[in-house]
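Here is a briefing for a reader meeting this structure for the first time. Look through the model, then read on by topic.

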Amino acid sequence: MIVSLEGAPATGKTTTAHHLVEKHGAVRIAEVNELHPRRPSPEPRDWYWQRQLDRWRDAVGRRDRLVVLDGDVLQAVWYTWARPEHGFPHWSEALDFFESQEPGAGLPDLHVHLQIDVEERRRRERGREHARGHDRERAEAKVQRHEGLRSPLRSVFTALGEAFPCWVLHLTADDLERNAEVIVKQEPARPDGRAVLSFLRSWLDEHDPASHADP
């Protein structure tokens, strides 16, 4: 089974992934930025999308075990919708790319959307940035930059879960063992890939992320 872990930064994706590896024999597939710390320059327009697809194909090749995608392959779609100010290609271009692939390309058997108390998330991210040697001002800037991602991300995965029952699992990242037990007991429920991408296109087009902004 392929499980995709997603959530705002510092909600416990990588910690949960490593726990599933250590306690449940899973295979972890890291995020693109971890797998490719140096990007080509100039970067081809579809480079990031291709690398995300590589991650999914790697997962498919190991599907006889529990495979954990540390970060959603379709992040390239919803992130650019949620944060258009970053100057990435429009989210519809990323969606066009995935629609041009084989049916279901990039989709896991189960999505796990991790959430956590807002103050705990901020505390974790500040601690992570300080551990990396970043000063207080830089750490706080990153905390605030990522804060605006929580609500749009929650809205996307809530909509997907309502449209495709049993495909999205929402968990609070405060108990690793409990969450791991819940995840490994889930049955694969991947819906039709074309239906998912069609729904995602319509939903993203109809919803402005600004309407879900956090206070």
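Helices (H or I, at least four residues) and strands (E, at least two) are DSSP runs, numbered from the N terminus. This is a predicted model: local features need pLDDT of at least 70, side-chain atom pairs count only at pLDDT 80 or more, and totals for chains, interfaces and linings use all residues. Residues are numbered from 1 along each chain as its sequence is written, and side-chain values use heavy atoms, with hydrogens and water left out.

- Helix α1 (residues 13-24) holds threonine 16.
- Threonine 16 is buried because its relative accessibility is 4%; buried means under 20% relative accessible area, exposed over 50%, and partly exposed in between (1.4 Å probe, protein chains only).
- From threonine 16, the side chain reaches the backbone oxygen of glycine 12 at 2.7 Å.
- Helix α5 contains serine 92. With a relative accessible area of 19%, serine 92 is buried.
- Serine 92 and histidine 90 make a polar contact between their side chains at 2.8 Å. Such a contact is a pair of N or O atoms within 3.5 Å; within protein, one must be able to donate a hydrogen and the other to accept it, and residues adjacent in sequence count only if both atoms are side-chain atoms.

**Aromatic pairs**

- Rings of Phe, Tyr and Trp (its six-membered ring) pair if their centres lie within 6.5 Å; planes under 30 degrees apart count as stacked, over 60 as edge-to-face and the rest as tilted.
- By this rule there are 8 aromatic pairs.
- Tryptophan 49 and phenylalanine 97 form a tilted pair, because their ring planes stand at 40°, with the centres 5.8 Å apart.
- This pair links distant parts of the chain: tryptophan 49 sits in helix α3 (residues 47-60) and phenylalanine 97 in helix α5 (residues 91-99), 48 residues apart.
- Tryptophan 49 is buried at 10% relative accessibility. Phenylalanine 97 is buried at 9%.
- Tryptophan 78 and phenylalanine 157 pair edge-to-face, with 6.2 Å from centre to centre and 75° between the planes.
- That pair also links distant parts of the chain: tryptophan 78 belongs to helix α4 (residues 75-82) and phenylalanine 157 to helix α8 (residues 150-163), 79 residues apart.
- Tryptophan 78 is buried at 3% relative accessibility, and phenylalanine 157 is buried at 1%.
- One aromatic cluster is formed by Trp78, Tyr79, Phe88 and Phe157.

**Salt bridges**

- The whole structure has 12 salt bridges. Each is a side-chain nitrogen of Lys or Arg within 4 Å of a carboxyl oxygen of Asp or Glu.
- One of them joins arginine 63 to aspartate 109, with the closest N and O atoms 2.8 Å apart.
- Arginine 63 lies in the loop between α3 and β3 (67-70), and aspartate 109 in the loop between α5 and β4 (110-115), so this bridge ties together parts that are 46 residues apart in sequence.
- Arginine 63 is partly exposed at 29% relative accessible area, whereas aspartate 109 is buried at 7%.
- Arginine 83 and glutamate 85 meet in a salt bridge at 2.7 Å, N to O. Arginine 83 is buried, with a relative accessible area of 10%, whereas glutamate 85 is exposed at 52%.
- Aspartate 174 and arginine 178 form a salt bridge, their closest N and O atoms being 2.7 Å apart. Aspartate 174 is exposed at 55% relative accessibility, and arginine 178 is partly exposed at 41%.
- Arg28, Glu34 and Asp70 belong to one network, joined by salt bridges that share partners.

**The cavity**

- Rolling a probe the size of a water molecule over the atoms shows where empty space is left.
- On a 1 Å grid over the protein atoms alone, a cavity is a set of points where a 1.4 Å probe fits but cannot get out; lining residues have an atom within 4 Å of a point.
- The search finds 1 cavity of 30 Å³ or more.
- The largest cavity holds about 40 Å³ of space. Grid points are joined across faces, edges and corners, and a volume is the space filled by probe spheres set on the points.
- Its lining includes Trp78, Phe157, His111, Asp72 and Trp167.
- Helices α8 and α10 (193-206) each supply at least two lining residues of the largest cavity. The most come from α8, with 3 residues.
- By class, this lining has 9 nonpolar, 1 polar and 1 charged residues. Ala, Val, Leu, Ile, Met, Phe, Trp, Tyr, Cys and Pro count as nonpolar, Asp, Glu, Lys and Arg as charged, and the others, Gly among them, as polar.

Note on methods
On a 1 Å grid over the protein atoms alone, a cavity is a set of points where a 1.4 Å probe fits but cannot get out, and a pocket is an open set with protein on both sides within 12 Å along at least five of seven lines; lining residues have an atom within 4 Å of a point.
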